[in-house]
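Please have the structure open as you read.

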Amino acid sequence: MTRKPIIGITSHMDENGTHHMSQDNLRRIANENGIPIILPNVPDEASIPRIISSIDGLVVTGGGDIDPTLFGEEPHLKLGSIHPDRDAFEMMLIQAALEANLPILAICRGCQILNIAAGGDMYQDIYSQYDVDLLQHQQRASRQHVSHFIDVDEGTLLQRISKSSRYKVNSFHHQAVRRLASGFRRSAVSSDNIIEAFESERHSFVIGVQWHPENLVDDEYANRLYEAFIAST
């Protein structure tokens, strides 16, 4: 029998502290023969090593905004709701996962907190803090619709996985990666030069994507990304 990897998936918190998880995140892992485990936002540092030793891979999901004091900035006027318990939990979890060389797939907000946990920073609001006219990064269409193109950098792991240098993705964000942490490289960019994907140069599989591949069930590029992630565990 084929071994099923256990994949920890981080969860979203609303303003009342209630945990949420999109079924798409769970289906994606289960469909690739993995076992999805939902991780609650309990920022208990002593529990982190046990969590890391219990999973074979980590998916860091999307959600709300991120506390800018984590990268030394005051809150911008356009900053949305933040959840300090989630921020604290994911920072500790990601840092431990990187140290353990655990495969990581980080999605939308997840790619931003991954970069911050490794020492990078982000735009709190791209529409206020970016100096050029931007395309629509908060699409007004279903989550299954791919709304804009990305250009994939030559020689990257993402290019090898996708087998393409240009394809379309969905988009639901107003924050984005700004300065990449040391040891990461850009993997893809949108036409307005927003970082759409990045990857680690030091780990076997650590990829952050700004879009939501979990919603793109019929998309060949999203499918290849999940297949590669599970294969890396």
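## The largest pocket

The largest pocket has a volume of about 290 Å³, the volume being the space filled by probe spheres set on grid points joined across faces, edges and corners. A pocket here is an open set of points on a 1 Å grid over the protein atoms alone, where a 1.4 Å probe fits and protein lies on both sides within 12 Å along at least five of seven lines; lining residues have an atom within 4 Å of a point.

Its lining has 24 residues, with G62, G63, G64, R143 and H212 nearest the centre. By class, 3 are nonpolar, 17 polar and 4 charged (Ala, Val, Leu, Ile, Met, Phe, Trp, Tyr, Cys and Pro count as nonpolar, Asp, Glu, Lys and Arg as charged, and the others, Gly among them, as polar).

## About the model

This is a predicted model: local features need pLDDT of at least 70 and side-chain atom pairs pLDDT 80 or more, while totals for chains, interfaces and linings use all residues. Residues are numbered from 1 along each chain as its sequence is written, and side-chain values use heavy atoms, leaving out hydrogens and water.

## Around S204

You will find S204 in the loop between β12 (195–200) and β13 (206–209); strands are DSSP runs (E, at least two residues) numbered from the N terminus. S204 and L102 are 102 residues apart in sequence, yet their C-alpha atoms are 8.1 Å apart in space. Setting aside neighbours within four places in sequence, S204 contacts N101 and L157 (contact means heavy atoms within 4.5 Å).

Methods. Helices (H or I, at least four residues) and strands (E, at least two) are DSSP runs, numbered from the N terminus.
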